[in-house]
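The chain and its coordinates come first.

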Amino acid sequence: MLETTDTEALARQTRITLARNAASTATARRGLAVSGAAGMGKSTALQLIGKRHEKAERTRLDRITDSAFAPVVYAVVPPATTPKMLMQAFAHWLGLPVLQRATAQTVTEQVVSVLRTLGTTLVVVDEVHNLTTNRQAGAEAASALKQFADRLDATFFYAGIDLPATDLFAGNMGRQIKARMIVHQMRPYGIGSKADREAWTELVLGVEDLLPLAGHEPESLAEEAAYLWDRTGGSIGALRALLSDAAIGAIIDGAEKIDRRRLDATATDYAADEHHKAQAIRPAQPRKRGLKRAQ
Ligand SMILES: Nc1ncnc2c1ncn2[C@@H]1O[C@H](COP(=O)(O)OP(=O)(O)O)[C@@H](O)[C@H]1O
Ligand SMILES: [Mg+2]
């Protein structure tokens, strides 16, 4: 995992949010929402934050190996979520048995009481765009989430695709949720300015450094930064996947290094492919080589 500008900004915001929530008991607690397209690193960043909070809390309270203590829970919202399914996801994470006929309220009660016992102070809800309010069940799901957050004395973090446009923030319940939420937007890396290109190159070199290749010259991928941006559209997920696949190829055939030829021969995922084709028909494309030398 790499410390990116996004993970740094989120870590800072996390400290502020947790401190504020710990200090104020009466007022409504604040939450943090991480929004952005798939592959931007939302889940990775929140898992990193969760891990750090877990470690810090265990150390602070001297409960390092206490298995009856769970400062952080992480749950993923299943597609087309009903209130019951949502709370079942939490119950599932906790390993709680849920009766077939249990209502959403019953499961919420179960989950809240177990989380209190476990001393949970941070709840991470991922893929929250799967909540929908255009059907009645979805509206209930958003309100179930809010009730859950109100009942538990913990800080809630959400992650999902383009959250401000989703139903979580729509309607009555959405307005209440929005009023208490700081939204961190995760965008693809750019290549427009010198600072953008430097940040992207730093990322490329960071990811390169993670590759276990015996014959690869360190920092040689700096030269391919502009090319890699074209291939991936500035997505950290697509970059990581492309370089990992290239590295696997290089290990399998014994070359143990990555160059342009290897990258050309390595496929990217469909979304990155689409981006690459769109780049290719842009008239500005030939100038890319010039941009590369400007670094
Ligand atoms: N901070 C990071 N350091 C290293 N790799 C990362 C980082 N963030 C994301 N990635 C890579 O990008 C991929 C996609 O990230 P993910 O967090 O799943 O994106 P999202 O949740 O936004 O769809 C991950 O599998 C990981 O390989
Ligand atoms: Mg994710």
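In what sense do β2 and strand β3 pair, and over how many bridges? β2 and β3 (residues 122-126) pair in the parallel sense over 5 bridges. Y74 stands opposite V124 in β3.

The model is predicted: local features need pLDDT of at least 70, side-chain atom pairs count only at pLDDT 80 or more, and totals for chains, interfaces and linings use all residues. Residues are numbered from 1 along each chain as its sequence is written, with chains lettered from A and ligands numbered from 1 in the order in which they are written.

**Sheet.** The open sheet has 5 strands in the order β2-β3-β4-β1-β5, with parallel pairing. Strands are DSSP E runs of at least two residues, helices H or I runs of at least four, numbered from the N terminus. Two strands pair if DSSP finds at least two bridges between them. β2 and β5 are the edge strands, each pairing on one side only.

| Strand | Residues |
|---|---|
| β2 | 72-76 |
| β3 | 122-126 |
| β4 | 155-160 |
| β1 | 31-36 |
| β5 | 181-186 |

**Helices.** The axes of α1 (residues 5-23) and α2 (residues 42-60) come within 10 Å and cross at roughly 45°. Axes are fitted to C-alpha atoms, for helices over the stretch in contact; angles run from 0 to 180 degrees between N-to-C directions. D6, T7, L10, A11 and T14 of α1 meet A45, L48 and I49 of α2. Contact requires C-beta atoms, placed from the backbone, within 7 Å.

Terms used:
Contact = placed C-beta atoms within 7 Å.
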